[in-house]
Amino acid sequence: SKGTYDTFMLKEIDEQPAVMRKISSNYFDGKKINVDQKMLEDVAGADRLYIVAAGTSYHAALVGKDIFENLADVPVDVELASEFGYHMPKLSKKPFFIFLSQSGETADSRQVLVKVNELGFHSLTMTNVANSTLSREATYTMELLAGPEIAVASTKAYTANIAVEAVLAKAIGEFKGVKAAQDLDLQEQLALAANAIQTIVDEKDKFKEIAADYLTDKKDAFYIGRGIDYALSLEAALKLKEISYIHSEGFAAGELKHGTISLIEKDTPVFAYINDGIGASHTRGNIQEVAARGAHVLVIASKKFAEKGDQVIVPEIDEMISPIVSVVPAQLIAYYASLARGNNVDQPRNLAKSVTVE
Ligand code: F6R
């Protein structure tokens, strides 16, 4: 039920701090990580991970690539389910497949799993629905523990998925003796994430004003960032387009000069993310370039990299998992932009919650 909320989407955005705490308390027993040991041995033996997903889950996979490569010390390929199944590349010698699916019923993802099973490879499904098809048909399963997600636009499943990827990556890394995994205090990070999200959702009105200021009567909007912020920009743009119907794109900030910058005119909204340490100074340069062409720029920066004049400053957590926090402003901006246009926020046109056709 929606309880006191008018929409499921806003309720689900607000639930994210509680979801972070639940993931932490369910997957940790003191310092010990509660995951299937047989699965850990299996994944640790792989020479490459293939993460397969669609939509928002695909965007969570893009964030996961960094997490697994850093903490579990293994190369990762991220694949769109609808492409991968029909154009399977040459696989590594010892692949392991990870399916990300909130619903566990997405047909595009399932057809890949059917092929993976035929080929005799092992797999794990991370899903929010314990007894779903993808959960039953994979070798192993891990739950997102986000609670039912009803709004079509996925919010808490995205942040939960990144957190659960971090749990698994840390467990594999510890199993393999990877220092980065041993050093990361993930319980502390998830607690920081919960508090950080809470401070953002406590300031909702600010995002309502931003949506009005930047997006009223606009046809196009852009999110830009580098590294982890590029992966995040894709998700931020998807949230905005699917519920507000404003054409939105996420771009790698460095690609602007290779074509995209021709789209920038006076008052074009550009939302720039600065959470990625390596990319920060370069993205600042790109902000100047679009601002010089008249773009209406909003900077969303983590505390560590914030500069005077930045409009949104979010509390800092470990950079690798920072989209857990920095996606929330984008969720709220999309929400208020959709509401202002009188759209059905929870059930946007042409979309279904679970896509069971290929
Ligand atoms: C976007 C959204 C969709 C789903 C996609 C995959 O907000 O909800 O893009 O993420 O259809 O669905 P699952 O994760 O259920 O496989």
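Trainee: How many bridges join strand S8 to strand S10?

Mentor: This is a predicted model, and in it strand S8 covers residues 220–225 while strand S10 covers residues 269–274. The two strands run parallel. The number of bridges joining S8 to S10 is three.

Trainee: In what order do the strands of the open sheet stand?

Mentor: The open sheet is formed by five strands, and their pairing is parallel. Strands of a sheet pair through backbone hydrogen bonds. From one strand to the next, the twist averages 20°. The order is S9-S8-S10-S11-S12.

Trainee: Which strands stand at the edges of the sheet?

Mentor: An edge strand here has a single partner strand, so one side of it is left without a neighbour in the sheet. This holds for the strand at 247–252 and for the strand at 312–314. They are strand S9 and strand S12.

Trainee: Is Ser 302 buried or exposed?

Mentor: Ser 302 belongs to strand S11, residues 296–302. Leaving aside neighbours within four places in sequence, Ser 302 is in contact with Ile 274, Asn 275, Ile 313 and Val 314. Its relative accessibility is 6%, and because buried means under 20%, Ser 302 counts as buried.

Trainee: What distance separates the C-alpha atoms of Ile 23 and Ala 163?

Mentor: Ile 23 is found in helix H2, residues 16–27, and is buried, with a relative accessible area of 0%. Not counting residues up to four places away in sequence, Ile 23 touches Leu 144, Leu 145, Ala 160, Ala 163, Val 164, Val 167 and Leu 190. Ile 23 and Ala 163 are 140 residues apart along the chain, yet their C-alpha atoms are separated by 7.5 Å.

Trainee: How far apart are the end C-alpha atoms of helix H6?

Mentor: Helix H6 has 13 residues, 107–119. At 1.5 Å a residue, H6 should span 18 Å. The model agrees with this expectation, because the end C-alpha atoms are separated by 18 Å.

Trainee: Which residue with a positive phi follows H6?

Mentor: Within H6 itself, the buried residues are Ala 107, Asp 108, Ser 109, Gln 111, Val 112, Leu 113 and Val 116. The residue that follows the helix has a phi near 85°. That residue is Gly 120.

Trainee: Is Asp 217 buried or exposed?

Mentor: Asp 217 lies in the loop between helix H11 and S8. Its phi is near 65°, a positive value in a residue other than glycine. Its relative accessible area is 71%, and because exposed means over 50%, Asp 217 is exposed.

Trainee: What is the mean pLDDT of the protein chain?

Mentor: The predictor's confidence is recorded residue by residue, and 100% of the residues reach 70 or more. For the complex, the predictor gives an ipTM of 0.98 and a pTM of 0.98. The mean pLDDT of the protein chain is 96.

Notes: Residues numbered from 1 in each chain as written. Predicted model: local features only at pLDDT ≥ 70, side-chain atom pairs only at ≥ 80, totals over all residues. Heavy atoms only, no water. Pairing = 2+ DSSP bridges. Helix = DSSP H or I, 4+ residues; strand = E, 2+ residues; numbered from the N terminus. Axes fitted to C-alpha atoms, helices over the stretch in contact; angles between N-to-C directions. Expected span 1.5 Å × (residues − 1). Buried < 20%, exposed > 50% of the residue type's maximum accessible area, 1.4 Å probe, protein only. Contact = heavy atoms within 4.5 Å. pLDDT = per-residue confidence, 0-100.
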